[in-house]
Amino acid sequence: MLKQRPTQDFRTGRARKIGWIAAVALLTVVPIALAGGGRIEISQKSVLSPPYSITQSGSYILTSPLVVTQSGVNAIWVQTSDVDIDLNGFTITGPGLGTTVSAIFQNAGYSNLRVHGGNVTGWGGPNSYGLNAAGSRNVIEDIVAFQNGRGIFTGASAFVERCVAYSNTTSAIGYGIAAGAGSRIHGCIVQRTHSTGGEVYGITAGDGSEIISCVAVVQTSASLTNDVYGIYVGRGGRIVRCVSRDITSFGAAYGICADDEGAVLECVSSSHTASDGAIGIYCRNRARVDSSVAYANDYGVKLLDDAVAR
């Protein structure tokens, strides 16, 4: 039986890519540059008593890996707008299970945060993200988020590009990469997002967003009552040239899902399994599917009222 749409706030190429997805997802970004250009340096000494608080706009750069052993504190806390943080290829490592915070946290009231070029891991609480940038108009580029509770979240009107999220596990609702309304997620890979007690979203973006040239594989939930979504976009959004594969759910599985008035274009969705039915491509009211393929699922393409497939 098909389930009704989820209610969380920020719900919202091709099959040949699958062969190299596992290898790509295991890569991390490595240090390649030195500090300079008037940027403010952040080192391990900066987080001996975390968090390192950013209260002035400007450019910041890591000059070493950051390791936080204390539970309940972010490594970097952004409390202003117009901030650029270059991770410089380094990794920000958290204390592991039980934490409730993130490597980088931005309050929802701020905007124009750019985070790029590094890795976040070890932020393992059920509601913890490797990177939690809740403000608007953010840019997240070339970030690898692995072995956290959840991967990457950013607020409305964001741009997320060339990011990887893998092996993120939570007991709450699971997210690999999530963005608010009016966002664009491009060229990202999500693998092995898992929840032991909630729904799972590999890649998701809010109303009016675009998810383009992304891959989501092996999204799973151990919950007996919750569903799993490989790639999901909210009302009026578009999913273009994306691949979803190998969802496993004890509820229902939706490889690729577009909400009302959305579109799924040139996508591939395959090899999903679920106790309540696995659907390759699912479109809600007045949505459309065009030039897409769904195979090796319980259902290929399912459309609600006034949705169309071509």
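Predicted model: local features only at pLDDT ≥ 70, side-chain atom pairs only at ≥ 80, totals over all residues.

Colleague: How many strands form the open sheet, and in what order?

Modeller: A word on terms: strands (E, at least two residues) are DSSP runs, numbered from the N terminus, and two of them pair if DSSP finds at least two bridges between them. Here 11 strands form an open sheet with parallel pairing, in the order β2-β5-β8-β10-β12-β15-β18-β22-β26-β30-β33. At the edges are β2 (52-54) and β33 (299-303), each pairing on one side only. From one strand to the next, the twist averages 15°; axes for such angles are lines fitted to C-alpha atoms, and the angles run from 0 to 180 degrees between N-to-C directions.

Colleague: Which strand does β22 join, and through how many bridges?

Modeller: Strand β22 (residues 228-233) runs parallel to β26 (residues 253-258), and 5 bridges join them. Tyr232 stands opposite Cys257 in β26.

Colleague: What counts as a salt bridge?

Modeller: The rule asks for a side-chain nitrogen of Lys or Arg within 4 Å of a carboxyl oxygen of Asp or Glu. By this rule, the count comes to 13 salt bridges.

Colleague: Which residue forms a salt bridge with Asp260?

Modeller: That is Arg235, with the closest N and O atoms 3.5 Å apart. The pair links distant parts of the chain, 25 residues apart: Asp260 lies in the loop between β26 and β27 (263-265), and Arg235 in the loop between β22 and β23 (238-240). A network of salt bridges links Arg235, Asp260, Glu261 and Arg286.

Colleague: Is Asp260 buried or exposed?

Modeller: Buried means under 20% relative accessible area, exposed over 50%, and partly exposed in between (1.4 Å probe, protein chains only). Asp260 counts as buried because its relative accessibility is 5%, while Arg235, at 37%, is partly exposed.

Colleague: How far apart are the closest N and O atoms of Arg162 and Glu161?

Modeller: In that salt bridge they are 2.9 Å apart. Arg162 is partly exposed at 40%, whereas Glu161 is buried at 13%. Another salt bridge joins Arg288 to Asp290, at 3.8 Å between the closest N and O atoms.

Note on methods:
Residues numbered from 1 in each chain as written. Heavy atoms only, no water. Helix = DSSP H or I, 4+ residues; strand = E, 2+ residues; numbered from the N terminus.
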